[in-house]
Amino acid sequence: MNVTIARTVILYLFVILGIRLMGKRQIGDMQPNELVITLLISEIAAIPLQDPARPVLDGVIAIFVLVILEILMSVLTMKSLWFKKLMNGKSAVIIQNGVIDQKAMRDVRMTVLDLMELLRGQNVFDLSTVAFAVLEVNGDLSVLLKSSEKALTAGDVNAQKDPAELPLPVVSDGRIVKENLSALKLNEEDLRDALKNEDVSLDEVFIMTMDQNRHTKTIRKGTNP
């Protein structure tokens, strides 16, 4: 009995330590590869508990191999947009300028009932009030309401509101995000003009967002927003 308790405590502590080293979030916020690693860790930790003849050290070593693998994967996804899309997928614009993209819904295998359910989760009950809706990689739906549906703020008084546009990241850590440029119906020449207007080179940009009106917001590397 004492041996079982000791093995359980050891594995529990090492699983917690491994999860902390990975810096993971709640399960609902995990990316696919993060969820897979978490499930594997839980399965591996269970093996020494179910089989007293198996050394606890085997489970501990396997757990930390997975932790190291996940850290390496995280570094690769930070360095390579292609690898990030391969491992985690990418977000999908379901509603753009108030129009439902039926092809995008088919690509992510979403029905209209699914869309309405996710909208209700964002306290949106009228589809016609939505300007943009983006299905994130973790399954959450981000919603931007039309300008006419937003609550009036002090900054809006006596100001003419433009139609709502969704700003998308077009540069990430010095790399062009081509699919977001395409979604905005812009090209690399438009981006380079925006960089010229900002008086910044591509390599100096940590993140740049742009909307269809070519309004930009830029954060340089090594600076805070």
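## Close-up views of a predicted model

**View 1. Asparagine 123 sits in a loop between a helix and a strand.** Asparagine 123 belongs to the loop between helix H6 (112–121) and strand S3 (130–135). Helices (H or I, at least four residues) and strands (E, at least two) are DSSP runs, numbered from the N terminus. Although asparagine 123 is not a glycine, it has a positive phi of about 60°. Asparagine 123 is exposed, with a relative accessible area of 67%; buried means under 20% relative accessible area, exposed over 50%, and partly exposed in between (1.4 Å probe, protein chains only).

This is a predicted model, in which local features need pLDDT of at least 70 and side-chain atom pairs count only at pLDDT 80 or more, while totals for chains, interfaces and linings use all residues. Residues are numbered from 1 along each chain as its sequence is written, and side-chain values use heavy atoms, with hydrogens and water left out.

**View 2. Lysine 185 lies in the loop between helix H7 (178–183) and H8.** Lysine 185 is not a glycine, yet its phi is positive, at about 60°. With 65% relative accessibility, lysine 185 counts as exposed.

**View 3. Phenylalanine 14 and phenylalanine 64 form an aromatic pair.** A search of the whole structure finds 1 such pair. Rings of Phe, Tyr and Trp (its six-membered ring) pair if their centres lie within 6.5 Å; planes under 30 degrees apart count as stacked, over 60 as edge-to-face and the rest as tilted. Here the arrangement is edge-to-face, with 5.7 Å centre to centre and 85° between the planes. The pair links distant parts of the chain: phenylalanine 14 is in helix H1 (residues 2–22) and phenylalanine 64 in helix H3 (residues 56–79), 50 residues apart. Phenylalanine 14 is partly exposed, with a relative accessible area of 30%.

**View 4. The largest nonpolar core has 15 residues.** A nonpolar core is a set of buried Ala, Val, Leu, Ile, Met, Phe, Trp, Tyr and Cys residues joined through side-chain atoms within 4.5 Å. Val170, Val171, Leu191, Leu195, Met208 and Met210 touch the most other members. Strand S5 (168–172), helix H8 (188–198) and strand S7 (205–210) each supply at least two residues of this core. Another core lies apart from it, with 14 residues, among them Met105, Leu115, Val130 and Ala133. In soluble globular proteins, nonpolar side chains tend to be buried together.
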